[in-house]
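Please examine the model displayed below. The paragraphs that follow lead through its fold, one region at a time.

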Amino acid sequence: MLEKKEHIYENAVLVGLITKDQDEEKLTEYMDELEFLAYTAGATVKKRFTQKLSQPDSRTFVGKGKAEEIKLFLEENEIGTVIFDDELSPSQLKNLERELEVKILDRTNLILDIFAQRAQTSYARTQVELAQYEYLLPRLTRMWTHLERQRGGIGMRGPGETEIETDRRIIRDRISLLKEKLKTIDKQMATQRNNRGKMVRVALVGYTNVGKSTLMNALSKSEVFAENKLFATLDTTVRKVVIGNLPFLLTDTVGFIRKLPTQLVESFKSTLDEVREADLLLHVVDVSHESFEDHISSVNQILQEINAHQKP
(Lines give C-alpha, C1' and ligand atoms only; values in the text may rest on other atoms or scores of the structure.)
Protein backbone atom coordinates (compact mmCIF):
# COMPACT_ATOMS: atom_id res chain seq x y z
CA MET A 1 0.00 0.00 0.00
CA LEU A 2 1.35 3.40 -0.98
CA GLU A 3 1.95 5.80 1.87
CA LYS A 4 -0.08 8.98 1.46
CA LYS A 5 2.15 12.04 1.47
CA GLU A 6 1.13 14.86 3.75
CA HIS A 7 0.42 18.06 1.86
CA ILE A 8 2.84 20.87 2.70
CA TYR A 9 0.98 24.16 3.16
CA GLU A 10 2.71 27.48 2.55
CA ASN A 11 2.20 30.35 4.98
CA ALA A 12 0.32 33.41 3.75
CA VAL A 13 -1.40 36.59 4.89
CA LEU A 14 -4.65 38.05 3.54
CA VAL A 15 -5.37 41.69 2.70
CA GLY A 16 -8.80 43.28 2.25
CA LEU A 17 -10.41 46.72 2.26
CA ILE A 18 -13.44 48.30 3.92
CA THR A 19 -14.79 50.74 1.32
CA LYS A 20 -17.96 52.71 0.63
CA ASP A 21 -19.22 49.69 -1.34
CA GLN A 22 -18.07 47.05 1.18
CA ASP A 23 -18.68 47.46 4.91
CA GLU A 24 -16.79 45.63 7.67
CA GLU A 25 -19.37 42.84 7.94
CA LYS A 26 -19.25 42.17 4.20
CA LEU A 27 -15.45 42.25 4.21
CA THR A 28 -15.36 39.66 7.01
CA GLU A 29 -17.55 37.34 4.90
CA TYR A 30 -15.28 37.81 1.88
CA MET A 31 -12.13 37.28 3.96
CA ASP A 32 -13.59 34.07 5.46
CA GLU A 33 -14.22 32.87 1.93
CA LEU A 34 -10.76 33.98 0.80
CA GLU A 35 -9.21 32.00 3.67
CA PHE A 36 -11.13 28.89 2.56
CA LEU A 37 -9.92 29.50 -1.01
CA ALA A 38 -6.35 29.82 0.29
CA TYR A 39 -6.71 26.56 2.25
CA THR A 40 -8.12 24.81 -0.83
CA ALA A 41 -5.14 26.05 -2.87
CA GLY A 42 -2.65 24.87 -0.23
CA ALA A 43 -1.97 27.82 2.06
CA THR A 44 -2.21 28.39 5.81
CA VAL A 45 -3.33 31.92 6.71
CA LYS A 46 -1.27 33.44 9.53
CA LYS A 47 -2.86 36.89 9.68
CA ARG A 48 -5.46 39.13 8.06
CA PHE A 49 -4.76 42.78 7.30
CA THR A 50 -7.67 45.16 6.71
CA GLN A 51 -7.84 48.88 6.05
CA LYS A 52 -10.62 51.41 5.63
CA LEU A 53 -10.25 53.44 2.43
CA SER A 54 -12.78 55.22 0.23
CA GLN A 55 -11.30 53.27 -2.67
CA PRO A 56 -8.23 51.07 -3.29
CA ASP A 57 -4.93 52.92 -3.59
CA SER A 58 -4.13 53.05 -7.32
CA ARG A 59 -0.47 52.30 -6.66
CA THR A 60 -0.40 49.58 -3.98
CA PHE A 61 -4.09 48.79 -3.23
CA VAL A 62 -3.51 49.65 0.48
CA GLY A 63 -2.02 52.86 1.85
CA LYS A 64 1.73 53.36 2.31
CA GLY A 65 1.61 52.87 6.10
CA LYS A 66 -0.38 49.63 5.82
CA ALA A 67 2.03 48.32 3.17
CA GLU A 68 4.94 48.98 5.55
CA GLU A 69 3.07 47.21 8.38
CA ILE A 70 2.49 44.17 6.15
CA LYS A 71 6.14 44.09 5.06
CA LEU A 72 7.37 44.18 8.67
CA PHE A 73 5.10 41.26 9.62
CA LEU A 74 6.26 39.25 6.59
CA GLU A 75 9.92 39.77 7.48
CA GLU A 76 9.47 38.99 11.19
CA ASN A 77 7.52 35.79 10.49
CA GLU A 78 9.32 34.67 7.30
CA ILE A 79 6.12 34.57 5.24
CA GLY A 80 6.45 34.55 1.46
CA THR A 81 2.89 34.95 0.13
CA VAL A 82 0.34 37.78 0.30
CA ILE A 83 -3.19 37.26 -1.04
CA PHE A 84 -5.44 40.23 -1.84
CA ASP A 85 -9.23 39.89 -1.77
CA ASP A 86 -9.81 41.82 -5.01
CA GLU A 87 -8.28 41.66 -8.46
CA LEU A 88 -5.13 43.77 -8.65
CA SER A 89 -4.28 45.89 -11.67
CA PRO A 90 -1.02 45.07 -13.50
CA SER A 91 0.65 48.18 -12.02
CA GLN A 92 -0.54 47.38 -8.47
CA LEU A 93 0.84 43.85 -8.81
CA LYS A 94 4.18 45.14 -10.07
CA ASN A 95 4.48 47.78 -7.31
CA LEU A 96 3.53 45.36 -4.52
CA GLU A 97 6.02 42.73 -5.68
CA ARG A 98 8.76 45.36 -5.73
CA GLU A 99 7.91 46.80 -2.31
CA LEU A 100 7.01 43.65 -0.36
CA GLU A 101 9.52 41.37 -2.14
CA VAL A 102 7.28 38.30 -1.81
CA LYS A 103 4.81 36.40 -4.00
CA ILE A 104 1.67 38.48 -4.58
CA LEU A 105 -1.64 36.83 -5.47
CA ASP A 106 -5.10 38.29 -5.89
CA ARG A 107 -8.48 36.59 -5.61
CA THR A 108 -8.66 35.92 -9.36
CA ASN A 109 -5.18 34.41 -9.49
CA LEU A 110 -6.01 32.21 -6.49
CA ILE A 111 -9.22 30.89 -8.06
CA LEU A 112 -7.39 30.19 -11.33
CA ASP A 113 -4.75 28.26 -9.38
CA ILE A 114 -7.42 26.11 -7.71
CA PHE A 115 -9.06 25.46 -11.06
CA ALA A 116 -5.68 24.38 -12.46
CA GLN A 117 -5.28 21.91 -9.57
CA ARG A 118 -8.81 20.56 -9.98
CA ALA A 119 -8.96 20.19 -13.77
CA GLN A 120 -8.98 16.46 -14.53
CA THR A 121 -9.91 16.17 -18.21
CA SER A 122 -8.10 17.60 -21.22
CA TYR A 123 -11.17 19.76 -21.84
CA ALA A 124 -11.14 21.32 -18.36
CA ARG A 125 -7.37 21.83 -18.48
CA THR A 126 -7.67 23.62 -21.83
CA GLN A 127 -10.35 25.96 -20.44
CA VAL A 128 -8.28 26.75 -17.34
CA GLU A 129 -5.09 27.30 -19.35
CA LEU A 130 -6.89 29.78 -21.61
CA ALA A 131 -8.21 31.70 -18.59
CA GLN A 132 -4.74 31.76 -17.01
CA TYR A 133 -3.05 33.11 -20.13
CA GLU A 134 -5.71 35.80 -20.58
CA TYR A 135 -5.14 36.84 -16.97
CA LEU A 136 -1.35 36.73 -17.39
CA LEU A 137 -1.02 38.67 -20.67
CA PRO A 138 -1.63 42.23 -19.37
CA ARG A 139 0.43 41.45 -16.25
CA LEU A 140 3.51 40.32 -18.13
CA THR A 141 5.57 43.32 -17.04
CA ARG A 142 9.00 41.86 -16.44
CA MET A 143 11.30 39.22 -17.89
CA TRP A 144 10.49 36.24 -15.71
CA THR A 145 8.63 33.71 -17.86
CA HIS A 146 11.23 33.13 -20.60
CA LEU A 147 8.51 31.46 -22.64
CA GLU A 148 10.61 31.72 -25.79
CA ARG A 149 12.55 28.66 -24.61
CA GLN A 150 9.48 26.57 -25.37
CA ARG A 151 9.81 27.49 -29.04
CA GLY A 152 13.57 28.01 -29.23
CA GLY A 153 14.91 31.55 -28.81
CA ILE A 154 17.21 31.70 -31.86
CA GLY A 155 15.39 32.72 -35.01
CA MET A 156 12.12 33.30 -33.18
CA ARG A 157 12.49 37.00 -32.45
CA GLY A 158 12.06 40.00 -34.67
CA PRO A 159 14.82 42.63 -35.00
CA GLY A 160 15.42 44.33 -31.68
CA GLU A 161 12.58 42.44 -30.02
CA THR A 162 12.92 42.12 -26.24
CA GLU A 163 12.24 38.98 -24.22
CA ILE A 164 9.06 40.50 -22.81
CA GLU A 165 7.73 41.23 -26.32
CA THR A 166 8.56 37.69 -27.37
CA ASP A 167 6.75 36.34 -24.32
CA ARG A 168 3.68 38.42 -25.15
CA ARG A 169 3.67 37.19 -28.74
CA ILE A 170 4.02 33.56 -27.66
CA ILE A 171 1.16 33.94 -25.17
CA ARG A 172 -1.08 35.53 -27.81
CA ASP A 173 -0.28 32.64 -30.16
CA ARG A 174 -1.07 30.17 -27.38
CA ILE A 175 -4.38 31.93 -26.61
CA SER A 176 -5.38 31.72 -30.30
CA LEU A 177 -4.47 28.02 -30.39
CA LEU A 178 -6.44 27.25 -27.21
CA LYS A 179 -9.49 29.14 -28.52
CA GLU A 180 -9.42 27.09 -31.73
CA LYS A 181 -9.06 23.90 -29.70
CA LEU A 182 -12.04 24.87 -27.54
CA LYS A 183 -14.14 25.66 -30.62
CA THR A 184 -13.58 22.10 -31.83
CA ILE A 185 -14.41 20.65 -28.41
CA ASP A 186 -17.48 22.91 -28.12
CA LYS A 187 -18.84 21.46 -31.38
CA GLN A 188 -18.23 17.92 -30.09
CA MET A 189 -19.97 18.74 -26.80
CA ALA A 190 -22.93 20.30 -28.64
CA THR A 191 -23.23 17.13 -30.74
CA GLN A 192 -23.16 15.00 -27.58
CA ARG A 193 -25.94 17.10 -26.04
CA ASN A 194 -28.04 16.77 -29.21
CA ASN A 195 -27.51 13.00 -29.22
CA ARG A 196 -29.09 12.68 -25.79
CA GLY A 197 -32.49 12.73 -27.45
CA LYS A 198 -35.69 14.25 -26.12
CA MET A 199 -35.16 13.31 -22.48
CA VAL A 200 -35.75 16.15 -20.00
CA ARG A 201 -32.47 17.77 -18.91
CA VAL A 202 -32.03 19.07 -15.36
CA ALA A 203 -28.88 20.99 -14.34
CA LEU A 204 -27.73 21.42 -10.75
CA VAL A 205 -26.53 24.98 -10.13
CA GLY A 206 -25.42 26.72 -6.98
CA TYR A 207 -22.61 28.29 -5.01
CA THR A 208 -19.39 26.32 -4.73
CA ASN A 209 -19.26 23.70 -1.95
CA VAL A 210 -23.01 23.70 -1.19
CA GLY A 211 -23.43 19.97 -1.86
CA LYS A 212 -24.37 19.69 -5.55
CA SER A 213 -22.17 16.63 -6.11
CA THR A 214 -23.44 15.00 -2.91
CA LEU A 215 -27.03 15.52 -4.11
CA MET A 216 -26.04 14.18 -7.54
CA ASN A 217 -24.66 11.01 -5.92
CA ALA A 218 -27.80 10.54 -3.82
CA LEU A 219 -30.20 10.98 -6.75
CA SER A 220 -28.24 9.04 -9.36
CA LYS A 221 -26.69 6.45 -7.01
CA SER A 222 -23.30 7.23 -8.58
CA GLU A 223 -19.91 8.27 -7.23
CA VAL A 224 -19.23 11.82 -8.42
CA PHE A 225 -16.23 13.25 -6.54
CA ALA A 226 -17.39 15.31 -3.55
CA GLU A 227 -15.14 17.00 -0.99
CA ASN A 228 -15.42 19.76 1.60
CA LYS A 229 -13.25 22.12 -0.42
CA LEU A 230 -14.12 24.83 -2.91
CA PHE A 231 -14.46 23.79 -6.57
CA ALA A 232 -14.24 20.03 -5.96
CA THR A 233 -16.15 19.64 -9.25
CA LEU A 234 -14.84 21.21 -12.45
CA ASP A 235 -15.80 18.72 -15.13
CA THR A 236 -19.47 18.41 -16.02
CA THR A 237 -21.03 15.06 -15.11
CA VAL A 238 -24.28 13.80 -16.66
CA ARG A 239 -26.28 10.87 -15.24
CA LYS A 240 -29.61 9.29 -16.13
CA VAL A 241 -31.97 9.41 -13.15
CA VAL A 242 -35.40 7.84 -12.73
CA ILE A 243 -37.75 9.14 -10.03
CA GLY A 244 -41.09 7.35 -9.96
CA ASN A 245 -41.59 6.50 -13.61
CA LEU A 246 -40.02 9.72 -14.87
CA PRO A 247 -36.55 9.38 -16.44
CA PHE A 248 -34.42 12.51 -16.91
CA LEU A 249 -30.79 13.55 -17.37
CA LEU A 250 -29.17 15.20 -14.35
CA THR A 251 -26.08 17.38 -14.83
CA ASP A 252 -23.64 18.42 -12.09
CA THR A 253 -21.89 21.68 -13.01
CA VAL A 254 -19.03 23.82 -11.71
CA GLY A 255 -19.94 25.88 -8.64
CA PHE A 256 -20.21 29.65 -8.74
CA ILE A 257 -18.55 32.12 -6.39
CA ARG A 258 -18.64 35.83 -5.62
CA LYS A 259 -16.24 37.90 -7.71
CA LEU A 260 -15.95 35.05 -10.23
CA PRO A 261 -13.17 35.99 -12.68
CA THR A 262 -14.46 37.13 -16.07
CA GLN A 263 -11.82 34.95 -17.73
CA LEU A 264 -13.39 31.83 -16.22
CA VAL A 265 -16.92 32.70 -17.34
CA GLU A 266 -15.59 33.17 -20.88
CA SER A 267 -13.32 30.11 -20.90
CA PHE A 268 -15.95 27.78 -19.42
CA LYS A 269 -18.53 28.72 -22.06
CA SER A 270 -19.23 25.15 -23.15
CA THR A 271 -19.43 23.88 -19.57
CA LEU A 272 -21.95 26.64 -18.87
CA ASP A 273 -23.83 25.66 -22.05
CA GLU A 274 -25.02 22.66 -20.02
CA VAL A 275 -26.81 25.20 -17.83
CA ARG A 276 -28.05 27.32 -20.73
CA GLU A 277 -29.49 24.34 -22.61
CA ALA A 278 -31.10 22.58 -19.65
CA ASP A 279 -34.90 22.37 -19.48
CA LEU A 280 -34.89 22.94 -15.73
CA LEU A 281 -32.37 24.41 -13.27
CA LEU A 282 -32.24 22.99 -9.75
CA HIS A 283 -30.66 25.68 -7.56
CA VAL A 284 -28.97 24.00 -4.59
CA VAL A 285 -28.61 26.19 -1.48
CA ASP A 286 -26.96 25.52 1.88
CA VAL A 287 -29.37 27.39 4.18
CA SER A 288 -27.17 26.60 7.20
CA HIS A 289 -24.56 29.03 5.82
CA GLU A 290 -24.94 32.51 7.29
CA SER A 291 -24.44 34.10 3.85
CA PHE A 292 -26.83 31.84 1.94
CA GLU A 293 -28.95 34.77 0.71
CA ASP A 294 -25.82 36.42 -0.68
CA HIS A 295 -24.89 33.11 -2.33
CA ILE A 296 -28.32 32.94 -4.00
CA SER A 297 -27.86 36.48 -5.28
CA SER A 298 -24.38 35.69 -6.67
CA VAL A 299 -25.63 32.59 -8.50
CA ASN A 300 -28.60 34.50 -9.95
CA GLN A 301 -26.25 37.26 -11.13
CA ILE A 302 -24.02 34.78 -13.00
CA LEU A 303 -27.08 33.03 -14.47
CA GLN A 304 -28.11 36.43 -15.80
CA GLU A 305 -24.63 37.00 -17.27
CA ILE A 306 -24.86 33.74 -19.24
CA ASN A 307 -28.51 34.38 -20.25
CA ALA A 308 -29.89 31.47 -18.23
CA HIS A 309 -31.80 33.48 -15.60
CA GLN A 310 -35.22 32.89 -17.20
CA LYS A 311 -34.96 29.10 -17.01
CA PRO A 312 -37.59 27.45 -14.79
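Contact here means heavy atoms within 4.5 Å. Axes are lines fitted to C-alpha atoms, for helices over the stretch in contact, and angles run from 0 to 180 degrees between N-to-C directions. Helices (H or I, at least four residues) and strands (E, at least two) are DSSP runs, numbered from the N terminus. With these terms, H4 lies across E3 and E4 and runs at about 90° to E4. The model is predicted, so that local features need pLDDT of at least 70 and side-chain atom pairs count only at pLDDT 80 or more, while totals for chains, interfaces and linings use all residues. Residues are numbered from 1 along each chain as its sequence is written, and side-chain values use heavy atoms, with hydrogens and water left out.

The secondary structure of the chain comprises 10 helices and eight strands. Buried residues (under 20% relative accessible area, against over 50% for exposed and in between for partly exposed, with a 1.4 Å probe and protein chains only) make up 47% of the 312 residues. Among contacts with a separation of 6 or more, 67% join residues 24 or more positions apart.

An open sheet is formed by four strands in the order E2-E1-E3-E4, with parallel pairing; two strands count as paired if DSSP finds at least two bridges between them. Its edge strands, E2 (43-52) and E4 (103-106), each pair on one side only. From one strand to the next the twist averages 25°. Strand E3 (residues 81-84) is joined to E4 by four bridges, and Ile 83 stands opposite Leu 105 in E4. Helix H3 (residues 90-100) packs on this sheet, where it touches E3 and E4, and its direction makes about 145° with that of E4.

H4 also meets another helix. Helix H1 (residues 24-41) packs against helix H4 (residues 107-118) at an angle of about 35°, with the axes 9 Å apart. Residues of H1 including Tyr 30, Leu 34 and Leu 37 meet residues of H4, among them Leu 110, Ile 111 and Ile 114. By class, this contact has eight nonpolar, two polar and four charged residues; Ala, Val, Leu, Ile, Met, Phe, Trp, Tyr, Cys and Pro count as nonpolar, Asp, Glu, Lys and Arg as charged, and the others, Gly among them, as polar.

A nonpolar core is a set of buried Ala, Val, Leu, Ile, Met, Phe, Trp, Tyr and Cys residues joined through side-chain atoms within 4.5 Å. The largest has 45 residues, of which Ile 83 and Leu 303 touch the most other members. H1 supplies the largest share of this core, six residues. A second, separate core of 19 residues includes Leu 17, Phe 61, Ile 79 and Ile 104.

E5 pairs in the parallel sense with strand E7 (residues 246-252) over four bridges, and Ala 203 has Thr 251 as its bridge partner in E7. Five bridges join E5 to strand E8 (residues 280-284), again in parallel, and Val 202 stands opposite Leu 280 in E8.

Tyr 207 lies in the loop between strand E5 (201-206) and helix H7 (212-220). Tyr 207 counts as buried because its relative accessibility is 3%. The C-alpha atoms of Tyr 207 and Phe 256 are separated by 4.6 Å, although these residues are 49 residues apart along the chain.
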